[in-house]
Amino acid sequence: MSLIRTEAAFGSRIVLTHADSPIGRRLVKSLYHDPSVERIVALGPGPPPSVFDRFLSSDERRLTYSRIDLARHRSMATFFNSSLLKEARIDSMLYVPAHGWPTASVPPLAGGLVSQTAEARLVLKHALELRSLENLICLGSALVYRLSPGNSNLFTESSELDLAPDTSPEIRCWVNADMIFQGEFQNPGLRVVLLRLPSVVGTGGKVYFNPMLAGILKSRIRSMGFDPICALVSDKDVVRAMQLALHSTARGVFNIAGFETVPLSVFGRWIGEPSVPLPRALISLASRMSSFVGRAPAPTSTSSPHLHYGFTLDTQRARLELGFEPGYRIAPGPMVDGRFQLEAAPV
Amino acid sequence: MLDSSSPHVEPPPAVRRRKPALGSDPFALDVPKNRDKDKSNDKDRIEPDPFLDGLVLLRQTNAVPTQRKPRAGSPRHPAIAIRERTPPKAREWIDVPELADVELPDRTSWVDRLLSDEERRRIASIAHLAGGDAAYDRFGLSADVVRNTLPIMTALYRIYFRVKSSGHENIPKRGPVIMAGNHAGVMPFDAAMVVTDLLLQCDPPRLARTVVDRWAGTLPWVNIFYARSGQVIGTRESFADLLASGQAVVVLPEGMSGALKPFSERYRLQEFRVGFIEQSLAAGAPIVPTAVVGSDDQMPVLLDFSTFAKKLGLPLLPITPTFPWFGPLGLLPYPVSYQIVYGEPLRFYERYSAEDARDPELLRFLSRQVRRAVQRLIDQHR
């Protein structure tokens, strides 16, 4: 390993967004132990997570953490013009989006953009302006694909996106971010890689990137008579895919998925929150009532096809060009406090 | 929003910071280390991972300038071998063992008591098709659902429709195959009996996946049953994926026009669609003409109001001697006798390549060849 360390003079100098999110935290930890990564500048809206304590206080000084709101132009401009970034000579940016979705309680930013779209725009704008930057690796969602009826939707990277005018806002913001990055795939000066993810299963069975599991009134609801299939991927595999994308020369869109595909009802049982099948009219009523009583409305429109139909991803391109193979299997472990603990076991 | 109090900036010691020209730079503030090393948690420590070593080698490979050509005879960089370790490889076929090689499983539920030893052995041999530990394949197939519905399907197969079948020697024992059959009788019992026949009569048993119309996915509960029992909505990607994994796929190229054809045109095939020919050429899969004799008599269609049905949001609206007069019960098929015949496989891919599939005229021509082969089987065994 010492030999590798000496050879890593050409190591990456990385800026990483939303490092305080669950995926960001895991990514920072992995990058910190990656000998080919020389410097990490982690950004996040919140205070530095405690898991970074050891890295921040280390004598190596490879990690720096800064609080910044990525959706605000002023804060982003200040950061990208700061001496910190100039000194760091950043060559790669890893864009981890917030795993949440816009709700009515968060007012849209100026220009009517929801925060996620604004983030994507600002990140790309500053990435293009940063002369030293060569690689931009972004995480996106596979919810952007247009669903057909049934559970047999197998999407490749060239599948059609859901650009329908009645697309629900939480899907639309993913589509917008996706298309913002797609515009720079042919840029010769900046290599842009976009990884589209299905439901991401993190530590303790937490699920990200799946608005269907956000629930209404703290209960999981699905449309009666339908049980969409969910493609899953472990957050550890997401981190591996990002590292592979960082070190490869490939560009463009890549689907990333794990081994498991399970129906939403089974997945709900796995994470200890079974979903209740309700007629569509009743779901609509529950959504309106939850808005009326002041709670966040249903994260997905009641007419969204994602409540009815599932999809899986064809990961052949990632396998061939990135060398990505899922390394972890997701399965319910022993029951703790009346609920399963999802575990990601290495293959 | 910037928070100037909390940034933790650790600039490299060798770099000397300049004073900013315009105001203070919040990111250039030095924050004393208020974190204690003792707080570090051992669980955050990552074990040595060969994946990381591979990443380093991968990066070194990419760092080699691509313009520079390697000298002849020079030793190759070891990292290049790492990159070339992932050659393009086709999907592996999912094989099913022969019945003699399958151990008879114990009876674990009341459903097992309804199944014979051979049927349980057949179910055990295909259990791994449904994704192994995950219990569901990528399209929602569940081996448990197949096992639980097998007693019903077997009763329909043996008692209700009294199916007789022949020509199983024409079905490849392994690898992708497309079973192209006729379709009639409104309800898709013909496809269900072909799937059951392939499961019960072939050795090794083949769990065929039927390609169904998109509207089937919009029907509540029906879509769940279809997915769990192995039916797949017909998209190019799903069709190609099934063939790439070496599975048997049942297609009914007549579509709904075959199912709703009037009684006066029974046993006369309608125009075949061409998508399955394209898939056959792309995947190198033989097409087995499959004739189901009997399904045309199971529910004679007197009138078809499909155009009117679409305005009502219904998939179809046939008028039969029993439907809609007896309500949903009128959709039950008559207990006719089925005869399933498998013809000799047509291997178009030996003569035409996947590029030839772009020619619509050729696709139509080959589609008519298949239609003619199925029609001939029907005429011979009717």
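Mentor: Let us start with a convention: two strands pair if DSSP finds at least two bridges between them. Helices (H or I, at least four residues) and strands (E, at least two) are DSSP runs, numbered from the N terminus. Residues are numbered from 1 along each chain as its sequence is written, with chains lettered from A and ligands numbered from 1 in the order in which they are written. This is a predicted model, where local features need pLDDT of at least 70, side-chain atom pairs count only at pLDDT 80 or more, and totals for chains, interfaces and linings use all residues.

Trainee: Which residue in E11(A) is the bridge partner of Val201(A)?

Mentor: Strands of a sheet pair through backbone hydrogen bonds, either parallel or antiparallel. Here, Val201(A) has Ser234(A) as its bridge partner in E11(A). Strand E8 (residues 199-201) and strand E11 (residues 229-234) of chain A run parallel, joined by 3 bridges.

Trainee: What is the strand order in the open sheet of 4 strands?

Mentor: The order is E9-E8-E11-E13 in chain A, and the pairing is mixed. Strands E9 (207-208) and E13 (261-263) of chain A are at the edges with a single partner strand each, so one side of each lacks a neighbour in the sheet. Helix H8 (residues 235-247) of chain A lies across E8 and E11, running at about 65° to E11(A); axes are lines fitted to C-alpha atoms, for helices over the stretch in contact (C-beta atoms, placed from the backbone, within 7 Å), and angles run from 0 to 180 degrees between N-to-C directions.

Trainee: How many residues of strand E7 of chain A are buried?

Mentor: A residue is buried if 20 or more other C-beta atoms, placed from the backbone, lie within 10 Å of its own. In E7 (residues 191-197) of chain A, 7 of the 7 residues are buried, so the strand is largely enclosed by the rest of the structure. In a regular strand the side chains alternate between the two faces of the sheet. Both faces of E7(A) are covered, with Val193(A) among the buried residues on one side and Leu194(A) among those on the other.

Trainee: Which strands pair with E7(A)?

Mentor: Strand E5 (residues 135-141) of chain A runs parallel to E7(A) over 7 bridges, and Cys138(A) stands opposite Leu194(A). Strand E12 (residues 252-255) of chain A also pairs with E7(A) in the parallel sense, over 4 bridges; there, Leu195(A) has Phe254(A) as its bridge partner.

Trainee: What is the average pLDDT of chain B?

Mentor: pLDDT is the predictor's confidence in each residue, from 0 to 100. Chain B averages 81, and 77% of the residues score at least 70. Over residues 29-40 of chain B, pLDDT is below 50. Where pLDDT is low, the predicted coordinates should not be read in detail.

Definitions and conventions
Contact = placed C-beta atoms within 7 Å. Buried ≥ 20, exposed ≤ 12 C-beta atoms within 10 Å, placed from the backbone.
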